[in-house]
Amino acid sequence: MTSEESFHDRIEDELAGLRPPPIGEIAGDALAQGRRIRRRQRALGVAGGTAAVAGVAAGALALGGVFGSGGGGAPVGPGAWGAAPTSQHSSAATPTPTPTPTPDPTPAYPSTPTPPPNSSSPNTVIGTIPASWKPPAADGHLSDPTNTDGQSVAELLIDDLSQIGSGGSGSAFSGSSLAGMNANATLTWTMPHGSVRISASVSDGAADGKTPQSQCLPAFEMDYCAAATLSDGSVVMVQHNSGGYAAGSSQSTHNTMVMITRPDHAAINVVEWSDGPLTDDQLYKIVSDPRWGLKMDGSFVTHADKVVRPFSGG
Amino acid sequence: MRGKRVGVDQAVRDREFTEFAVARAEHLRRTAYLMCGDWHRAQDLTQIALAKAYAAWHRIHGDGGVDAYVRQIVVREFLSQQRRRSWHERPSDELPEQGLAGGQEQADLRLSLLAALERLSPKRRAVVVLRYWEDRSVEETAAVLRMSRSAVKSASLRALADLRVLLGEDLTV
């Protein structure tokens, strides 16, 4: 018996002593899910487009809704805590963008022209970043720089969601933070025409010493990818994917991620799951909000800590 | 070669895929379980991998590559999820001081190999699963994990050392 066989046999023995749940109709379910992926690939493939930008998948984004932690169930949103500040900066800061009264009617996928699938990555359609996506506006100085925490991320995300015209309310949020490294929040945003599980994160994009990915490299793990470097040096990436199934549910998930890494190394990432009705354009408006940062104004953080409750996590 | 497969009739594709999925799903789920330690999550990983294999069937079928393809997706999807989960869970690479996994019978004083696997960092766990459960070569493991051969060897050695500490025995591999 070789050493590998010994190890393998021991695992085999221990697995045999477990009682896993029935595997069910996984073949049929996978086939149905696979057909949906193919339909989407074909739909994307005929949309047409120009100037494909190659890019890499920083990893598939499936199942985020399944495994994303859910926190307290208290409603969140402008209505839940009254008049949330629309800007956490001092008076010298960039004015709050004018709210858009109605949701962007552009469907998420058709909004991004796409060329035929790249032959070197047949499972990933490589698209382009819309020319309308401008770099984030210059930001002002913070009067009282304070470490961003999960509550602050949740409040700013809610504020952005309100401003892009997706009027609604939030619930079931969670989040955490690591000072100077990352702050994140996840919540459910319920609108008149649907709800979306959405997560936002701001992190130090230079923490790992790597250059932001500005190209979509061939990869299996995603359905669609687009990336570009904007005129100010910001790197933007969009990924679409068909996710897995929520535990105990037969509903598969779809997820979209839009990420920007700014020249100041702040990396802002928004992911929506569960067939969310938000478009790529709307998600980009969120990540390009210049207020994002690992430090926010102290008054904004304090306010967020008061109104975003209950809050689970860091 | 691939061009010939592109036009494969859907009924044939469905039949071929179903035969493969039925035959391999249980093994795939066990592989996924060894990495994530949760049967429901393992089921999700397996289904994702199979669904993507279906979508790519014209390309991967016929080259004997379906097994390798789904294995790769399971592993990469697992690691990708771990990266996202880490925002919330903040796992540590440090080995825990206590030996028993939660939920184990008190009488079971010996840490199982499965429980010990769960204590490894995700990447080292993936290396161990690929090398010693899936019997993949260093080269194949390196390709799946996008690591160098030396990195795979190093991770493998460290993972086994961790397991020996956790198990309190001279694990033979």
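How many salt bridges does a search of the whole structure find over all chains? The search finds 14. Keep in mind that this is a predicted model. Here is a short tour of some of these contacts.

## A buried arginine in chain A

Let's start with A:Arg262, whose side chain meets that of A:Asp264 in a salt bridge, at 3.0 Å from N to O. Is A:Arg262 buried or exposed? With a relative accessible area of 11%, A:Arg262 counts as buried because it falls under the 20% cut-off.

## One helical turn in chain B

In chain B, helix α2 spans residues 10-36 and holds both B:Arg15 and B:Glu19. The two sit 4 residues apart, about one turn of the helix. They form a salt bridge in which the closest N and O atoms are 3.6 Å apart.

How accessible are the partners? B:Arg15 is partly exposed, at 46% relative accessibility, and B:Glu19 is partly exposed too, at 48%.

## A link between two helices

Another salt bridge in chain B pairs B:Arg24 with B:Asp67, and here the closest N and O atoms are 3.1 Å apart. This pair connects distant parts of the chain: B:Arg24 belongs to helix α2, while B:Asp67 belongs to helix α5 (residues 66-89), 43 residues apart.

Both ends are partly exposed, with relative accessibility of 25% for B:Arg24 and 26% for B:Asp67.

Back in chain A, which residues do salt bridges with shared partners join into one network? The members are A:Asp159, A:Asp160, A:Asp289 and A:Arg291.

Technical notes
Residues are numbered from 1 along each chain as its sequence is written. Chains are lettered from A and ligands numbered from 1 in the order in which they are written. This is a predicted model: local features need pLDDT of at least 70, side-chain atom pairs count only at pLDDT 80 or more; totals for chains, interfaces and linings use all residues. Side-chain values use heavy atoms; hydrogens and water are left out. A salt bridge is a side-chain nitrogen of Lys or Arg within 4 Å of a carboxyl oxygen of Asp or Glu. Buried means under 20% relative accessible area, exposed over 50%, partly exposed in between (1.4 Å probe, protein chains only).
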